[in-house]
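Work through the exercises below with the model in view. Try each task before reading its solution.

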Amino acid sequence: MKMKNPPVNRLSLDFLTEFSIGLEKLEIDRVCRGIILTSASPGIFSAGLDITEMVGKSAEHYTAFWRAVQEMWLKLYGSNMVTIAAINGSSPAGGCLLALCSDYRIMADNPAYAIGLNETQLGIVAPFWFKDTMINTVGNRVTEQSLQLGQMYPSPDALKIGLVDQLVPEDKIQSTAAAIMTKWLTVPDHARQLTKSVMRKTTIDKLVKQREADINNFVSFITRDSIQKSLQVYMERLKQKK
Amino acid sequence: MKMKNPPVNRLSLDFLTEFSIGLEKLEIDRVCRGIILTSASPGIFSAGLDITEMVGKSAEHYTAFWRAVQEMWLKLYGSNMVTIAAINGSSPAGGCLLALCSDYRIMADNPAYAIGLNETQLGIVAPFWFKDTMINTVGNRVTEQSLQLGQMYPSPDALKIGLVDQLVPEDKIQSTAAAIMTKWLTVPDHARQLTKSVMRKTTIDKLVKQREADINNFVSFITRDSIQKSLQVYMERLKQKK
Amino acid sequence: MKMKNPPVNRLSLDFLTEFSIGLEKLEIDRVCRGIILTSASPGIFSAGLDITEMVGKSAEHYTAFWRAVQEMWLKLYGSNMVTIAAINGSSPAGGCLLALCSDYRIMADNPAYAIGLNETQLGIVAPFWFKDTMINTVGNRVTEQSLQLGQMYPSPDALKIGLVDQLVPEDKIQSTAAAIMTKWLTVPDHARQLTKSVMRKTTIDKLVKQREADINNFVSFITRDSIQKSLQVYMERLKQKK
């Protein structure tokens, strides 16, 4: 499953919707037992949530957008398939979340590539289920410091704190992902799926139960004047960079 | 407390029942403040739950068996005594659980000995309280990967991930366990016991509250045709090995 | 914020009350965005809860004292400010808790200084929220063993298990704390504060909900004859040391 949303795989409303539909189709397809998540634009795995979806839009739009972000997470983190992230580039914020939802993370051994939930640096806040997904992977203390600082980890540091499982040379990333997939698929499907569900159920149920409250929370936060202004400043800076 | 159920300390219904009764007696005995759990058959600490108890039996039998497994866990994980596992051999599945219930784990420094919750490899699933006990010891991420893959860890790897606390040469395992016990027994009993209970109460209460549901869950899982078949295949393979 | 309660910064009822009031004032003061917590008595960061407040007093006194301990924790662990502990000396029990409540811990690189929740060594028990704060920092397994043994960690060991984040030479501790503070204050305040609250809310709410029960629990424990006797013995030993 290659993500193709040039130039940087921003997670727009359209992209998220297609992603969830695509995932659901594969989920139903009995032939497909695992997916490798990677980017068609080497150098950037995914730039994360598309900020243009969060600036100057209506409350209805924000509601639809956030529901799509939730849907993507629910589908990917709760997938019955073996999910492997082949992280062939940088992966901030929502991009990091995609990786964290996978069962195994392989990253290109290139210190120019960094990964992390850096929301606070943009003046926004990772919601509780982003946080829970990160805690489940690297533990509470590392998560607390990372999220407070909005820290991005160059790949060697990401390996050290357990944010990714393995570094490989950039040209070996797909073959390694395929080899790991083969290994995971030797485990009886039914037992592996039930085990994964036992592991992730509590975290997933927490969002399911609070889904509407979480949307309201996001909408009331993102529509604040101060947040809109700080996101606009950030977008201007992004444009000037280009 | 030496486990003697030749040849491999399988946790049969009889063995589990005797184990829980024995533990309860020691618990009441004011003279006994700690136990060292080890195997009378060096090379194998415990082979785990006895599969013959899970194949071709009645629902009543499965119910009694699972209740006995729960009872063993409740008694050992909730013990007021200092519990030290002297792991003098391999320790898959239920054998690993015994070790995880202890306060401290010493393993023979022999890479031929491995330990882990490898249930998925047999096509079955570690219940939530096996999972919780492992998370409490090695954290969520290692547990998730271990349980999904049904991974067994040779002793040096087990030390690295924190599944055991210490490796010692095989002939030093009992003396080391005795020395560690002496150290733990210098702590005021009352404060140590209350502290242990504060640490483990949430995990234990979770099973206590769902005990019958967990039994029903096990019985309905284990009586499925597909599970019975895959366990029969596994037993045939075990017999052929001999 | 320098703690001055000579000779060893014991957390007495008066000291705790002043501490919480001082913290509240800084919290409201918009100019103050962060605090560095350190000791005016190098060699000892804080000796922890003042035992004289727990021996030979009335139930009313114990109630007031314990409420003040809770208040300090609620205020410091829940602070909106960046909190950095510059641990310039040993820090047992309540002193360790102060450090654990901070966002970042720098300790003097002197193996003669040790830190830990060593309550069990005194025959008393760290309450669940001390335990939760420690688990949030170093994980469940390390906490379980530390609390059961009442273990104190010399600074190098404290770094190894993650009980502190960084060791620096004793004369560099204030300048390092100031540099780290500068870094943390570059993050947008609003996003950092919300993130911190998302991280710590569950742990804090747990005590808020059980505050009175926790006080009753403490009072009924501390007024036991056996506990009073063992604390008296401990106090005698402390006096003889001087």
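**Exercise 1.** In what order do the four strands of the open sheet in chain C lie?

Solution. The order is E4-E7-E9-E10, with mixed pairing. Strands (E, at least two residues) and helices (H or I, at least four) are DSSP runs numbered from the N terminus, and two strands pair if DSSP finds at least two bridges between them. Next, find the edges: E4 (43–44) and E10 (153–154) of chain C each pair on one side only. Then take E9(C), residues 114–116: two bridges join this strand to E10(C), and the two run antiparallel. Within E10(C), Pro154(C) is the residue opposite Ala114(C).

The model is predicted: local features need pLDDT of at least 70, side-chain atom pairs need 80 or more, and totals for chains, interfaces and linings use all residues. Residues are numbered from 1 along each chain as written, chains are lettered from A and ligands numbered from 1 in written order, and side-chain values use heavy atoms, without hydrogens and water.

**Exercise 2.** How many residues of chain A are in contact with chain B?

Solution. Counting contacts (heavy atoms within 4.5 Å) gives 20 residues of chain A against 19 of chain B. Of the area that chain A buries against chain B, Trp184(A), Thr195(A) and Met199(A) supply 31%, more than any other three residues. Buried area is the accessible area (1.4 Å probe) that two parts lose on being put together, summed over both.

**Exercise 3.** Which side chain of chain B meets Asp165(A) in a salt bridge?

Solution. The rule asks for a side-chain nitrogen of Lys or Arg within 4 Å of a carboxyl oxygen of Asp or Glu. Arg141(B) is the partner, at 2.8 Å, N to O.
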